[in-house]
Amino acid sequence: MKKLTLGTSGLEVSEVSLGCMRIGGMEDAALDNLIKTCIEVGIDFYDHANIYGGGKCEEVFAKSVKRLGIDRHSIYLQTKCGIRNGFFDFSKEHILESVHASMKRLQTDYLDFLLLHRPDTLIEPEEVAEAFNTLHNSGKVRNFGVSNFNPGQIELLQASVPMKLHANQLQFSITNTGMIDRGICSNTQFDNSIDHDGGILDYCRLKKITIQPWSPFQHGFFKGVFMDNPEFPELNKVLDDLCATYGVTKTGMAIAWIQRHPARMQSIVGTTNATRIKEVAEAIKIDLTRPHWYEIYRAAGNVLP
């Protein structure tokens, strides 16, 4: 598995992370096999959130790691907080309570990364800074980041928070290409030229913030996977042809397409299928050509000026 430096943290982590949102209901044997497979292919980064399974996902993950005898120091644990039942909450009290609860469920005395999950419009950056300082100075959280933030929101937070924000989790897939459409269609009247996110892709590259794409197999906002979906006949025909050319599966190609981007993103793969993990690990080894990358982009319904 290839490595990348996450933000400017200096940490070399796997290019792909296992997203643990769906593991809460897995049988022990299946979960153990999933995590064991991740370790075998070189995935050392695991993404959680306090709301995943109401906290159960963190609990079952920790139990599996213990059963498998995995050294805590050989893996990186990331969790997120800020989403509550019907509202968002970046208060100091919630951040501290959430982190302590996640650490308990994960059976760890520190987190490698903590991300703020979705922007809270009632955010008081100075209060977040107090929480981050408390967590960092106590050794409970080593690095910080955000999720679904635009450039202005990051700048507002970074102005008060002394530690560098290293990651930004954003939705991105072959059929969710908003962050790149704007740049490709710059100086046109095409619908894809509309700026929905403040130029977050270029901003993160300039600031050396690692983008962590979530739902890399989904289209829309959790409408389902695009692979073998009758809504995307042209895309699936192109994927079939290119998968045959490169000797990979569509699952693998979906991640290889993301990882081909020079922004050096870290895909969050939320599958619970160990076989798909192997497919991804094999596929990101390929060198997807520029013409083929753009062929996939166009087949998803996008236009080039």
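Biologist: How many nonpolar, polar and charged residues are in the lining of the largest pocket?

Modeller: This is a predicted model. Its largest pocket has a volume of about 560 Å³. Of the 30 residues lining that pocket, Met21, Arg22, Trp214, Ser215 and Phe222 are the closest to its centre. Sorted by class, the lining has 13 nonpolar, twelve polar and five charged residues.

Biologist: Which residues are the closest to the centre of the second largest pocket?

Modeller: The second largest pocket holds about 420 Å³ of space. It is lined by 19 residues. The closest to its centre are Gln171, Gly178, Met179, His196 and Asp197.

Biologist: Which element gives the largest share of the lining of the second largest pocket?

Modeller: By class, this lining has seven nonpolar, eight polar and four charged residues. Two elements give two or more residues to it: strand S10 (165-171) and helix H6 (178-184). The largest share is three residues, and it comes from H6.

Biologist: Is helix H1 roughly parallel or roughly perpendicular to helix H2?

Modeller: Two packed helices are described by the angle and the distance between their axes. H1 (residues 28-41) and H2 (residues 56-68) have axes 10 Å apart, at an angle of about 75°. Angles of 65 to 115 degrees count as roughly perpendicular. H1 is therefore, relative to H2, roughly perpendicular.

Biologist: How many nonpolar, polar and charged residues are in the contact of H1 with H2?

Modeller: From H1 come Asp28, Leu31, Asp32, Ile35 and Lys36. They meet Val60, Phe61, Ser64, Arg67 and Leu68 in H2. By class, the contact has five nonpolar, one polar and four charged residues.

Biologist: Does Asn187 count as buried or exposed?

Modeller: Asn187 sits in the loop between H6 and helix H7 (200-207). The cut-off for exposed is over 50% relative accessible area. Asn187 has 80% relative accessibility, so the label is exposed.

Biologist: What is the phi of Asn187?

Modeller: Most residues other than glycine have a negative phi. Asn187 is not a glycine, yet its phi is positive. The value is about 65°.

Biologist: What is the phi of Asp228, and where does this residue lie?

Modeller: Asp228 is not a glycine either, and it has a positive phi of about 60°. Its relative accessibility is 60%, so Asp228 counts as exposed. Its place is in the loop between strand S11 (210-214) and helix H8 (233-246).

Conventions:
Residues numbered from 1 in each chain as written. Predicted model: local features only at pLDDT ≥ 70, side-chain atom pairs only at ≥ 80, totals over all residues. Heavy atoms only, no water. 1 Å grid on protein atoms, 1.4 Å probe; cavity = no way out; pocket = protein on both sides within 12 Å on 5 of 7 lines; lining within 4 Å. Points joined across faces, edges and corners; volume = space filled by probe spheres on them. Nonpolar A, V, L, I, M, F, W, Y, C, P; charged D, E, K, R; others polar. Helix = DSSP H or I, 4+ residues; strand = E, 2+ residues; numbered from the N terminus. Axes fitted to C-alpha atoms, helices over the stretch in contact; angles between N-to-C directions. Parallel < 35°, antiparallel > 145°, perpendicular 65-115°, else oblique. Contact = heavy atoms within 4.5 Å. Buried < 20%, exposed > 50% of the residue type's maximum accessible area, 1.4 Å probe, protein only.
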